[in-house]
Every structure is written in structure tokens, then in C-alpha cells.
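The sequence and the structure are shown first.

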Amino acid sequence: MEILKNYINGSWTESREQQTANVVNPANQEVLAKVPYGEKTVFDVASAVSFAVEALKEWRDTPVMKRVQPLYKLKQLLEENIDEIARLITLECGKSFAESKAEMQRAIENVETACGTPMLIQSEFSENVATGIDEFMIRQPVGVCVCISPFNFPGMIPFWFLPYAIACGNSFIVKPSEKVPLTMMKVFELIDQLDLPKGLINLVHGGKASVDALLDHPDVKAISFVGSTNVARYIYQRGAANGKRVQAQGGAKNPVIVMPDADIDMTARIIADSVYGCAGQRCLAASNIITVGDHDGFIKEALAEAAKSKTTGFGLDAGIEMGPVISPESKIRIENLIAQGVSEGANLLLDGRNAKISGYEAGNFIKPTILENVALDGEVVKTEIFGPVMSLLPMDSIDQAIDFVNNNAYGNMACLFTSSGLNARTFRNRANAGNIGINIGVAAPMAQFPFSGWNNSFFGDLHGQGRHGIEFFTQTKVVIERWPKEWLRKF
Ligand code: NAD
């Protein structure tokens, strides 16, 4: 099987590394490809960075209106190829075809939003800060920028950064997750069709070795990372110590509060979608469901019904709503956490372990699982499960529930279901999380908003997407100028 190539300086080039990792279909363990994985990927990084530096020379002075033109073409190419890209996402990542397509839709929306960069990058100008003296601020590119992405959104996540970076006049390197590199291979076939300077957008494969080489390279100026919290913290610390801009999005453990006045059917349906979408492998997936007050068992029943209705299987088969988790190791880790929840006193309302999907017996399938009466200090309540598991936690009051939400070590999202405006307002104001949902599960924010995240879910300052993207990918320069009136007569 051929080893996947890098895309460097406008060409598909072989890696210097011959050691590989397998790219595996999580529904049946079929090896789909081999990706370079080892110490020698550092040479690929060095090559990509040197060409990215060259490409900057022409691109940084290209007018912004011209810089966004290739993005219009990219949007069109992504739309024309969305089914093929979505098919690859499902094959290597496992989610259903509909989920993969929705993911690419969000990628395209970021390209569209970045096309507004000519407006967003406008300067600020103050005339006559003193008589005859003007002061203004311009935004200039940062340099070579890098995105290091996780396995769970192989198509969308690089687009939280790439289109903004390019529109702002930077060059870019994508390092996809070694588990799911095929999606970006296809995207780069499309990027190859754009009228861009060679070396402006590059793709390098690998794992820790290539990431460390990017973090240490003096010509890399900005790092956008998305992945687990421990790695995000490491990326932030090492990148910042090397003087780079870093935005590092980490893991999550997302709470949802259901008040007694919530609409039961709608709430149950939305929570089940949030917990089980992408088999729970979303950083915005609901996980701890806090039922406040007396629901007479109705919400529990409705959640169990909604959970049971999810059709699990191979994401390219018709009617499948939930695919496998990414790897056998991940399946074992999740099943162990479920067992630990039970050993800590929880009752299994729905047990999705030992799921057998006909024709896909080797797949990493776990069906929707619900744990009730979970110990509040239990491991399953604190740890990011990243699988299709819901924990039900009964509480007495909204105050108790908000205190619980605010004790979360993470802070990616928190939701409330209620028909009370006052409850909603109180929650929105007090909840300690960067994304808030009221009567809705939180999907990735629309491209015009920053993808916020608090506490251990984010390390840095400016987030991805929208205006934050423009700010992250530019550095400000403030210019002050004196033009004395008298000179008009002199010259
Ligand atoms: P991961 O941290 O294992 O890997 C992410 C990237 O980091 C990959 O490209 C990988 O090659 C690289 N990497 C892994 N270990 C490294 C190390 N020790 N040193 C340097 N680089 C390393 O994450 P994952 O398992 O691919 O993704 C799942 C995680 O990502 C979950 O925790 C999820 O919550 C999080 N996530 C967060 C967001 C968000 O917006 N906050 C979005 C998606 C996923």
C-alpha cells in the first residue's frame, strides 16, 4: 500500500519518513491507507516551512481583495465535491454520512465568512490626534501559520483557521490527525486547483515528532491547535515559550440542566442528539444531564426512548444515525468508564456495551448508554468520555445545578432547558462556559462567531473563526504621522 504523500510547495511529495501508522475504517478495521509517522517527519516540516516562508514574500503584499478570490473558487470546489469528501470522513472517522456532510457545510461557511476579510481587516484612523498629526492602525500578516487538528472533525476544523489566515496574507501548514488524514488529502487536491503561489498552503503528516518540529521552528509564527486538554496545554506552553501566538482548544465535559418546566419531548430529543451525535465524539457533546426537581420519571423515560431510537451501524449504510467510535482502544476505554460508573453506584438504564452490528462484527461499536443516579464525585462525571454515554444526575434546585456546572474543570459548553425567561437569564449570566445553549444543544458556533471555550477547554486568548480569526492572523502596527501645513507653501 502506497504511503500518503505530503503537499509541499504546490506538489505531492514523498515523506522522508518510511515508518507509518495505519489509517483504519473504525466500522470494520479495514486498513485504508498508511501515513508517515515517525521522527523523520521533522524533515518534511522543515521543507514545508521553508517554502511557506518564500510564498509569503509575494502574498503579504497581494491586495486583500485579490487574496480572497481563490476562496470563492475553493467554496465552489468544496460544494461540488462535498459528497466525496463526506464519504471519506465517514470511512476514516466513522460518523454517519449525514453528519459528515453537515461537517463540511460548516467548513464551507467558514470559507464564505473569510471572503468578508476585506471589510473585517479595515484599518482604524484618527485624524488630528494633535494638530497636523494623524494616527492609524494597520493589520499586517503574522507569517507562517499552522493548524494541528484532531480526529473527530477532519474536514471542518482546519477551516476554522485556514481561510482567515490566507485572506489575512499569511501562509499555512495543515497537520491533520494521523488517524484521519484522507479527508485533507482530498481537500488538498482541490486546493491544488486554486490560483495560489506555490508553498502558500501545505500539508504535512505525522504525529508528535512533526508537531514538536512545528512548535520549535523559529519561522512558524502562529499555532492553532484543537485536540485533547493535556496536549492543548502542552502545545500552548511550548509554543508560547518559543514566542509564538497560540490558540489551543482542548477537551470538554458538558453539562445540561433540565428544569421541571421544560418541554419534555423536545428536550429529550435534543439532548439525545447532543449526547449521541458523532457517537459522542464531539467537544460540544452533552454528557452530564442534571434533572432539577420532580419530573415524575417522564424525562428519564423520554431520554431512554430517544436514545433507543438511534440506529447504529456503518455510516455509509442507509438510515444509520450513529457510527462506531474511532478505535478499539477508545471502545475499551469508554466501556471501562461505564463499568466504573456502575461500580461507583450508578444504575445502567441503557447498556450499549457488547453492541453487535451484523456485517460489521469487528467494528468499534457502542450503542447509546444511560447511567442514572451517578455519584456526583464519580469518575464518569468528571472525565471526558468521548463516547455515546449519558449520565443522569438528579438535583433539587437551579442554584445547586449552576454550582455543579461551575465546578466543572472544563468550560466548553453548558445548556439549560426551561420555559422560564428568568431561569434562562440567570443561567446565561452565571454559567461558567464559553458556549451556552438555551433550549437547544450547542453545535459548533456559526462561522461569524468565535468558537469560545473556557477553563481547561481553551488555552490562549483569541479564538478561531470570525473577527477573532482576523485578529489572530494579523499583527497590528500603529503609525503616527506629522504633516505640518506650512510645508504646503515650502514644496
Ligand atoms: P489528540 O490531542 O490526541 O490529538 C490532536 C492532535 O495532536 C493530533 O494531530 C495529534 O497528532 C497531535 N498529538 C497527539 N498527541 C500529541 C503529543 N503528545 N504531542 C504533540 N502532538 C500530539 O486529540 P484527538 O483524540 O485527536 O481528538 C479528541 C479530543 O479533541 C477530545 O478531547 C475533544 O474534546 C477535543 N476536541 C476539542 C474541540 C474544541 O473545539 N475544543 C474540538 C474537537 C475536538
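## A buried charged pair

At 3% relative accessibility, Lys-95 counts as buried. The model is a predicted one. The side chain of Lys-95 forms a salt bridge with that of Glu-103, with an N to O distance of 2.7 Å. Glu-103 is likewise buried, because its relative accessibility is 2% and the cut-off for burial is under 20%.

## Other salt bridges

Side chains of opposite charge can pair when their charged atoms come close. In this model the count comes to 21 salt bridges. One of the pairs lies within helix H5 (residues 97-114), where Glu-109 and Arg-106 are 3 residues apart, about one turn of the helix. An α-helix has 3.6 residues a turn, so residues three or four places apart point the same way. The side chains of Glu-109 and Arg-106 meet at 3.0 Å, N to O. Glu-109 has a relative accessible area of 17% and is therefore buried; Arg-106 is also buried, with a value of 17%.

Arg-60 and Asp-61 provide a further pair, their side chains meeting in a salt bridge of 3.4 Å, N to O. Arg-60 is partly exposed, with a relative accessible area of 35%, whereas Asp-61 is exposed at 58%. Beyond pairs, a network of salt bridges links Lys-208, Asp-212, Asp-216 and Arg-238.

## Helix H9

Helix H9 spans residues 208-216 and is mostly covered, with 7 of its 9 residues buried. The buried residues are Ala-209, Ser-210, Val-211, Asp-212, Ala-213, Leu-214 and Leu-215.

Several elements contribute to the cover over the buried residues of H9. They include two helices, H1 (41-59) and H10 (229-241). Strands E7 (144-148), E8 (171-175) and E10 (220-226) also take part in this cover.

## Strand E16 and its partners

Strand E16 (residues 389-395) is largely enclosed by the rest of the structure, because 6 of its 7 residues are buried. Which strands pair with E16 in the parallel sense? Strand E13 (residues 286-292) runs parallel to E16 and is joined to it by 5 bridges. Strand E15 (residues 369-372) also pairs with E16 in the parallel sense, over 4 bridges.

Ile-290 has Leu-393 in E16 as its bridge partner. Thr-369 stands opposite Val-389 in E16.

Rolling a probe the size of a water molecule over the atoms shows where empty space is left. How many cavities of 30 Å³ or more does the count give? The count comes to 1 cavity of 30 Å³ or more. About 110 Å³ of space lies in the largest cavity.

The lining of the largest cavity consists of 14 residues. Those nearest its centre are Gly-280, Ala-285, Ser-287, Ile-385 and Phe-386. By class, the lining comprises 7 nonpolar, 4 polar and 3 charged residues.

Note on methods
Residues numbered from 1 in each chain as written. Predicted model: local features only at pLDDT ≥ 70, side-chain atom pairs only at ≥ 80, totals over all residues. Heavy atoms only, no water. 1 Å grid on protein atoms, 1.4 Å probe; cavity = no way out; pocket = protein on both sides within 12 Å on 5 of 7 lines; lining within 4 Å. Points joined across faces, edges and corners; volume = space filled by probe spheres on them. Nonpolar A, V, L, I, M, F, W, Y, C, P; charged D, E, K, R; others polar. Buried < 20%, exposed > 50% of the residue type's maximum accessible area, 1.4 Å probe, protein only. Contact = heavy atoms within 4.5 Å. Pairing = 2+ DSSP bridges. Salt bridge = Lys/Arg side-chain N within 4 Å of Asp/Glu carboxyl O.
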